Amino acid sequence: MDVIAAIHGRRSVRSYDPRPVERSLIEAVIEDAAQAPPPFRGMVPWAFNVIEGVERIAACGARAMDHARSHRPDGPGWDW
């Protein structure tokens, strides 16, 4: 698959298979992703965190949503 096909064929997944992903696959994906240049010249290289376990992932998601709600800007267009 070429890059353009991948971009146009992308999708969001909201329902996940309960099977864990093999650690070797996670490491391979991170190794490939780390080859991308940093977003801006002179910035610190990429950092990756792997969170495993349904409960831990759900807890991180809840904390992120709480943070977003408590730090959202005021004004038009920022209502949930």
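Biologist: How many salt bridges does the structure hold, and what makes a contact a salt bridge?

Modeller: There are 2 salt bridges. The term asks for a side-chain nitrogen of Lys or Arg within 4 Å of a carboxyl oxygen of Asp or Glu. Before we go on: this is a predicted model, where local features need pLDDT of at least 70 and side-chain atom pairs count only at pLDDT 80 or more, while totals for chains, interfaces and linings use all residues. Residues are numbered from 1 along each chain as its sequence is written, and side-chain values use heavy atoms, with hydrogens and water left out.

Biologist: Why is the contact of Arg23 with Glu27 called a salt bridge?

Modeller: Their closest N and O atoms are 3.2 Å apart, which is within 4 Å, so the pair qualifies. Arg23 and Glu27 both belong to helix α2 (residues 23-33) and sit 4 residues apart, about one turn of the helix. Helices, by the way, are DSSP runs (H or I, at least four residues), numbered from the N terminus; strands are E runs of at least two.

Biologist: And what makes Glu52 a partner of Arg23?

Modeller: For Glu52 and Arg23 the closest N and O atoms are 3.9 Å apart, so this pair also falls within 4 Å. The bridge links distant parts of the chain, 29 residues apart: Glu52 is in the loop between α2 and α3, and Arg23 is in helix α2. Through shared partners, Arg23, Glu27 and Glu52 form one network of salt bridges.

Biologist: Why is Arg23 called exposed, and why are Glu27 and Glu52 called partly exposed?

Modeller: Good one! Buried means under 20% relative accessible area, exposed over 50%, and partly exposed in between (1.4 Å probe, protein chains only). Arg23 has 53%, therefore it counts as exposed. Glu27, at 45%, lies in between and is partly exposed. Glu52 is partly exposed too, with a value of 45%.

Biologist: What makes Val3, Ile4 and Ile7 a patch?

Modeller: Together they make a nonpolar surface patch of about 300 Å². Patch residues need over 30% relative accessible area and no salt bridge; like charges are joined within 9 Å, nonpolar side chains (Val, Leu, Ile, Met, Phe, Trp, Tyr) within 5 Å. Areas come from the Shrake-Rupley method with a 1.4 Å probe, and for residues only the protein chains shown count as cover. Val3, in helix α1 (residues 3-8), has 59% relative accessibility, so it passes the over 30% requirement and counts as exposed.

Biologist: What makes a space a pocket rather than a cavity?

Modeller: On a 1 Å grid over the protein atoms alone, a cavity is a set of points where a 1.4 Å probe fits but cannot get out, while a pocket is an open set with protein on both sides within 12 Å along at least five of seven lines. The largest pocket holds about 440 Å³. Its 14 lining residues (an atom within 4 Å of a point) include Arg19, Pro20, Val21, Gly53 and Ile57, the closest to its centre. That volume is the space filled by probe spheres set on the points, which are joined across faces, edges and corners. Helix α3 (residues 54-70) gives the most to the lining, 3 residues.

Biologist: How do you know which class each lining residue falls in?

Modeller: Ala, Val, Leu, Ile, Met, Phe, Trp, Tyr, Cys and Pro count as nonpolar, Asp, Glu, Lys and Arg as charged, and the others, Gly among them, as polar. The lining comes out as 10 nonpolar, 1 polar and 3 charged residues.
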